[in-house]
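Below is a short report on a protein model.

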Amino acid sequence: MPKRHPLDVVIIGAGVVGAACAYYAARAGLRAAVVDRGPVAGGTTGAGEGNLLVSDKEAGPELDLALLSAGLWRDLAAALPEELEYEPKGGLVIAPDEAALKALRAFAEGQRAAGVEAVEADPAELRELEPHLAPGRAGGFLYPQDAQVQPAQAAARLLAASGAELHLGEEAVEVVTAGGAVRGVRTARRELAAPAVVNAAGTWGGRIAELAGTSLPVLPRRGFVLVTEPLPRVVRHKVYAADYIADVASGSAALQSSAVVEGTPAGPVLIGATRERVGFDRSLSPEALRRLAGQAAALFPALADARILRAYHGFRPYLPDHLPAIGPDPRVPGLVHACGHEGAGIGLAPATGVLVAAALTGAEPPLPLHPFRPDRFPEPAAQPKETGR
């Protein structure tokens with residue numbers, strides 16, 4: 001029997017972030033195993049639209065991460081099979097009135113200074129870009145760097161290209177430690193020994209942190225998407241209302257919705273996006289779906305008569321400051337986090353994978369890790385223990 005090579009890292013999570021970590025770890029010469037309690041892209045990734053956005057991010061660490069990822073996605077689209085469905089369609093942000101347009105101008109100015117291409121469009125130019133857009137809008141901004149992929153395919157292709165061992169349908173029940181440092185992962189079926197573990201568990205990232213003896217305040221933030229019947233190309237770009245940017249940045253737990261509308265190569269139109277913190281409640285929200293449909297039809301009146309084939313939802317892994325946790329956890333040597341990307345995980349996955357690979361190998365990262373450090377949050381208060389009578 002050939003000798004089995006030891007693992008360098010175990011990655012918990014087979015979504016697109018975990019897949020990107022496996023892909024770039026392999027490119028760095030590391031041998032990885034990926035563990036997931038479900039299938040590939042069985043969590044947040046499979047419920048996403050595939051957004052690769054720079055347009056919704058203000059100048060700062062997350063935008064830097066998004067710009068790095070945008071270039072990496074272009075490289076991946078050239079290197080991996082066409083099943084990624086990479087589509088550099090560009091994003092179009094719509095301002096309903098002059099006040100919103102003025103705010104968008106200021107927002108875009110900061111983005112341009114960080115390297116984003118943002119082109120202002122007046123009402124006539126908006127109609128040229130999107131002929132079916134409702135009239136009466138004050139203007140908007142075109143973001144040519146925005147793109148889209150098919151998220152589940154992207155995760156699957158990255159994993160296949162990584163050559164990592166896959167252990168699907170196996171929940172991580174223990175992060176094995178010795179002397180306070182990581183030594184591997186145990187599932188119900190096996191133990192995988194490795195000197196490093198990557199927490200890419202998405203909305204369950206807080207649970208994995210607990211298994212390793214530390215903490216990360218990841219919370220699920222539910223979102224719905226409507227899918228129409230196949231249509232002619234009614235929507236050419238990813239089009240969304242300016243208030244979507246505020247919803248992304250909000251920390252509110254209440255239901256928020258703003259129209260995000262885009263066509264797909266196959267014909268159906270995808271309509272998002274809602275946000276609310278309701279735990280892992282999977283029940284259907286008629287109010288959320290009603291809001292989405294109304295807001296989409298207000299942007300594109302031609303959608304008012306389109307049949308909705310289905311609705312689906314997922315849970316974004318939310319951290320309180322809206323930045324992901326990426327990099328080594330100084331509290332547990334060998335533990336590296338790659339979670340908490342909220343709704344931007346698909347877009348930010350390649351850059352996250354590159355940063356994680358650099359952390360695992362000791363290489364110089366292309367971006368500073370400090371803004372994403374996992375220990376930036378206050379430790380949770382200790383719960384009082386019950387005493388017997």
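Gly267 sits in the loop that runs between strand 15 (256-263) and strand 16 (269-275). The model is predicted. Gly267 has a relative accessible area of 11%. Buried means under 20%, so Gly267 counts as buried. What does Gly267 touch, leaving aside residues up to four places away in sequence? Its contacts are Glu229, Pro230 and Leu231. Leu303 is 36 residues from Gly267 along the chain, and their C-alpha atoms are separated by 13 Å.

**Backbone geometry**

Strand 16 also holds Ala273. A cis peptide bond links Gly272 to Ala273, with omega at about 5 degrees.

Two residues have a positive phi although neither is a glycine: Ala41 and Glu85. Ala41 belongs to the loop between strand 2 and strand 3 (51-52). Glu85 belongs to the loop between helix 2 and strand 4 (91-95). Buried or partly exposed? Ala41 is buried, while Glu85 is partly exposed. The table sets out the values.

| Residue | Phi | Relative accessible area |
|---|---|---|
| Ala41 | about 60 degrees | 8% |
| Glu85 | about 55 degrees | 40% |

**Helix 5**

How does the length of helix 5 agree with its residue count? Helix 5 has twelve residues. At 1.5 Å a residue, they should span 16 Å. The end C-alpha atoms of helix 5 are 17 Å apart, which agrees.

The buried residues of helix 5 are Pro151, Ala154, Ala155, Leu158, Leu159 and Ser162. Why are they on the same side of helix 5? Because they cover an arc of only 125 degrees around the axis. Which elements do these buried residues pack against? The partners are helix 1 (16-27), strand 2 (32-36), helix 2, strand 8 (165-168) and helix 9.

**The second largest pocket**

Helix 5 returns here. The second largest pocket has a volume of about 370 Å³. Its lining has 18 residues, and the closest to the centre are Glu85, Gln150, Pro151, Thr264 and Leu270. Two elements give two or more residues to this lining: helix 5 (151-162) and strand 17 (308-318). By class, the pocket lining divides into nine nonpolar, five polar and four charged residues.

Pro151 is one of the buried residues of helix 5.

**The second largest cavity**

How many cavities of 30 Å³ or more does the structure hold? There are three. The second largest cavity contains about 50 Å³ of space.

Which residues line the second largest cavity? They are Leu52, Leu53, Val54, Lys57, Ala66, Ser69, Ala70, Trp73, Gly347 and Leu348. Helix 2 (61-79) and helix 9 (345-361) each supply at least two residues of this lining. Helix 2 gives the largest share, four residues. By class, the cavity lining has seven nonpolar residues, two polar and one charged.

Methods
Residues are numbered from 1 along each chain as its sequence is written. This is a predicted model: local features need pLDDT of at least 70, side-chain atom pairs count only at pLDDT 80 or more; totals for chains, interfaces and linings use all residues. Side-chain values use heavy atoms; hydrogens and water are left out. On a 1 Å grid over the protein atoms alone, a cavity is a set of points where a 1.4 Å probe fits but cannot get out, and a pocket is an open set with protein on both sides within 12 Å along at least five of seven lines; lining residues have an atom within 4 Å of a point. Grid points are joined across faces, edges and corners, and a volume is the space filled by probe spheres set on the points. Ala, Val, Leu, Ile, Met, Phe, Trp, Tyr, Cys and Pro count as nonpolar, Asp, Glu, Lys and Arg as charged, and the others, Gly among them, as polar. The expected span of a helix is 1.5 Å times one less than its number of residues. Buried means under 20% relative accessible area, exposed over 50%, partly exposed in between (1.4 Å probe, protein chains only). The arc is that of the directions from the helix axis to the C-beta atoms. Contact means heavy atoms within 4.5 Å.
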